[in-house]
Amino acid sequence: MFASDRLPLAERYTELLATEGVVRGLIGPREAPRLWERHVLNSAVLGEAVSEGASVCDIGTGAGLPGLVLAIARPDLSVTLVEPLLRRTTFLDEVVAELGLSHVTVVRGRAEDLHGSATFDVVTSRAVAPLERLLGWSMPLVAPTGATIAMKGRSIHEEIAQARGFLTAWRCGEPQVFEVGVDLLDPPTTVVRVPWADPARIGWPLARVAKRRSGRRDRSSVKREVS
């Protein structure tokens with residue numbers, strides 16, 4: 001999962017998670033002994049789903065999972081870590097500086113703060129929110145030929161079923177559920193990939209305009225009824 005020259009960086013990051021991460025409340029004390037198998041390695045295998053040289057945005061990255069791990073394992077990627085809490089971004093800035101990860105940018109804020117100003121080949125996340133809500137945050141950041149690639153659990157097929165209306169309204173492509181790290185981890189990591197259905201017809205700005213128009217129609221109806 002890590003090339004020989006990247007493994008020391010992964011080891012140092014994991015050490016920082018187990019020490020400073022616990023002290024600062026970024027990682028629970030019970031998680032410290034199992035950081036490698038439960039957090040670091042299952043984040044690293046996400047790289048199997050990310051093409052070479054891609055720009056990656058990890059929303060709600062927390063202590064850097066999975067985005068910072070991806071950046072350590074894949075120096076070919078350009079990684080942006082988005083996190084609203086100051087104590088977490090402070091930790092991330094310190095780790096990025098110590099490990100010399102010049103291809104990583106830390107942004108303090110929410111995904112919505114970047115809507116309309118930046119897009120990426122891949123938008124990642126780990127245990128952030130149910131799929132429909134997650135896509136509302138991530139898809140506006142996805143480039144026309146890019147995709148949301150989120151780490152998910154056993155409920156992903158139920159989440160997809162619940163998000164059908166959203167997927168249609170926002171012109172998203174069919175979600176693809178698959179596993180990464182099959183030959184490396186037990187259990188492997190489950191991910192869902194959601195692209196745009198048609199790169200030439202991005203859904204989210206159109207969905208936003210349609211919502212505004214619908215709101216105006218609703219208000220006009222109310223005015224007519226009142227009059």
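Tryptophan 170 has a relative accessible area of 17% and therefore counts as buried, a class that covers values under 20%, with exposed meaning over 50% and partly exposed lying in between (1.4 Å probe, protein chains only). The model is a predicted one, in which local features need pLDDT of at least 70 and side-chain atom pairs count only at pLDDT 80 or more, while totals for chains, interfaces and linings use all residues. Residues are numbered from 1 along each chain as its sequence is written, and side-chain values use heavy atoms, with hydrogens and water left out.

**Aromatic pairs**

Rings of Phe, Tyr and Trp (for Trp, the six-membered ring) are paired if their centres lie within 6.5 Å, and planes under 30 degrees apart count as stacked, over 60 as edge-to-face and the rest as tilted. By this rule there are two aromatic pairs. Phenylalanine 2 and tryptophan 36 form an edge-to-face pair, at 6.5 Å centre to centre and with 85° between the planes. This pair joins distant parts of the chain, since phenylalanine 2 lies in the segment before α1 and tryptophan 36 in helix α2, 34 residues apart; helices here are DSSP runs (H or I, at least four residues), numbered from the N terminus. Phenylalanine 2 is buried at 15% relative accessibility, whereas tryptophan 36 is partly exposed at 29%. Phenylalanine 166 and tryptophan 170 form a stacked pair, with 4.5 Å centre to centre and 25° between the planes. Phenylalanine 166 is buried, with a relative accessible area of 12%.

**Salt bridges**

A salt bridge is counted when a side-chain nitrogen of Lys or Arg lies within 4 Å of a carboxyl oxygen of Asp or Glu. The structure holds ten salt bridges, among them the following.

| Salt bridge | Closest N to O |
|---|---|
| Arginine 12 and glutamate 15 | 3.2 Å |
| Aspartate 76 and arginine 74 | 2.8 Å |

Glutamate 94 is partly exposed at 38%, and arginine 24 is partly exposed at 26%.

Arginine 12 and glutamate 15 are three residues apart in helix α1 (residues 7-23), so about one helical turn separates them. Arginine 12 is partly exposed at 27%, as is glutamate 15 at 42%. Arg12, Glu15 and Glu98 are linked in a network of salt bridges.

In the remaining tabulated pair, aspartate 76 is partly exposed at 30% relative accessibility, whereas arginine 74 is buried at 16%.

Notes
Helices (H or I, at least four residues) and strands (E, at least two) are DSSP runs, numbered from the N terminus.
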